[in-house]
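The sequence and the structure come first.

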Amino acid sequence: MLLLDLQVLRPHHLTTEEPLTFHLIQISSFANHSWAHTQGSGWLGELQTHRWNGVLGTIQFLWPWSRGNFSKEELKNLQALLQLYLHAFPRVVQAFASQFQFEYPFEIQISFGCRMHAGKASGSFLNGAYQGSDFLSFQGNSWKPSSGAGSQAQNVCNVLNHYRVIKEIVQILLSDTCPRFLSDLLEAGKAELERQEKPEAWVSKGHSPEPGHLLLVCHVSGFHPKPVWVMWMRGEQEQRSTQQGDIMPNADGTWYLRVTLDVAAGEVAGLACRVKHSSLEGHDIIIHLGEKKRGSAVKG
């Protein structure tokens, strides 16, 4: 989704100068003038911290520290505001769909959040997309169409800008509520966000679709935080045909990654899988085919 191309928090970088981000994501799907479905979630960088329960109309806190240090009363008020907004949003969109020239079925995506840099608020954002393309944003105290979104987005912004109270609420949420909540999350969740778990690595052989070839598989599991670098190597030379799968979650909150290399059977000798991760403190894991242990640690 284009609207979600944002700077994100990498958990092991809490002490660096990178911006830290908290954002809410809303995805609303409209099948016709009477059916719509909305999903909502909250993210601290790449870590999901909240989920919206559309059936109960409540915020689900996915970590013990996801409430930050906000009072019960303030969280109750925020939940009530979300209930009101998420109940009204699909009905308003459907009422204006014809005027806005929205063609069913369609999807609207919204990203709302703020950033912190060096312990201080460093900006906020509210971006909207229509059918996966940038559509509009909230800047200063008004709605503005995205570049290239055309007259359709301008028409929507013209209507939204007539609602002064809504603009004032959005401004307060962006400039005050979100930065305070982000600061609280970082303080309350510090132990989890700075958690370091070393990866375990092992290699295996699989079947290649090409005759006379082998599929070498490097498995890396149990690491935290999520960012990791894994590559098949021949000596110090990276094997550019290395294929990386998706990083998948383990049940204990750590991560798993599978990295493969399709190679001629006669060229297997000398190949090794190399793993770099923040928890290794510069001592990379290098493991060769046939090794049953984690592999040797080498200064990267």
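## Model and domains

This is a predicted model, in which local features need pLDDT of at least 70 and side-chain atom pairs count only at pLDDT 80 or more, while totals for chains, interfaces and linings use all residues. Residues are numbered from 1 along each chain as its sequence is written, and side-chain values use heavy atoms, with hydrogens and water left out.

The chain is divided into domain 1, residues 21-194, and domain 2, residues 200-289, with bounds that come from an automatic or database domain assignment. Taken over C-alpha atoms, the centres of domain 1 and domain 2 are separated by 38 Å.

## The largest pocket

The largest pocket has a volume of about 1,500 Å³. Among the 49 residues that line the largest pocket, those closest to its centre are Gln 26, Tyr 85, Phe 89, Ile 110 and Val 170. A pocket here is an open set of points, on a 1 Å grid over the protein atoms alone, where a 1.4 Å probe fits, with protein on both sides within 12 Å along at least five of seven lines, and lining residues have an atom within 4 Å of a point. Grid points are joined across faces, edges and corners, and the volume is the space filled by probe spheres set on the points.

Helix H1, residues 72-100, gives the most to the lining of the largest pocket, with 13 residues; helices (H or I, at least four residues) and strands (E, at least two) are DSSP runs, numbered from the N terminus. By residue class, the lining of the largest pocket divides into 39 nonpolar, nine polar and one charged, where Ala, Val, Leu, Ile, Met, Phe, Trp, Tyr, Cys and Pro count as nonpolar, Asp, Glu, Lys and Arg as charged, and the others, Gly among them, as polar.

## The second largest pocket

The second largest pocket has a volume of about 410 Å³. Of its 21 lining residues, the closest to the centre are Thr 38, Gln 39, Gly 40, Trp 52 and Gly 54. Two or more residues of this lining come from each of strand E1 (20-30), strand E2 (36-44), strand E3 (47-53) and H1.

The largest share of the lining of the second largest pocket, seven residues, comes from E2. Nine nonpolar, eleven polar and one charged residue make up the lining of the second largest pocket.

## Disulfides and buried residues

A search of the whole structure finds two disulfides, each being a pair of cysteine sulfur atoms within 2.5 Å. One joins Cys 114 to Cys 178, with an S to S distance of 2.1 Å, and the torsion about its S-S bond is about -85°, so this disulfide is left-handed. The pair links distant parts of the chain, 64 residues apart, with Cys 114 in strand E5 (residues 106-117) and Cys 178 in helix H3 (residues 164-188). Both Cys 114 and Cys 178 are buried, that is, under 20% relative accessible area with a 1.4 Å probe and protein chains only.

Cys 218 and Cys 273 form a disulfide with their sulfur atoms 2.0 Å apart, and a torsion of about -80° about the S-S bond makes the disulfide left-handed. Cys 218 lies in strand E10 (residues 213-223) and Cys 273 in strand E16 (residues 271-276), 55 residues apart. Cys 218 and Cys 273 are buried, and Cys 157 is buried with a relative accessible area of 0%.

Ser 221 is placed in strand E10 and, at 15% relative accessibility, counts as buried. A polar contact of 3.2 Å joins the side chains of Ser 221 and Asn 250; such a contact is a pair of N or O atoms within 3.5 Å, of which, within protein, one must be able to donate a hydrogen and the other to accept it, and residues adjacent in sequence count only if both atoms are side-chain atoms.

Notes:
Buried < 20%, exposed > 50% of the residue type's maximum accessible area, 1.4 Å probe, protein only.
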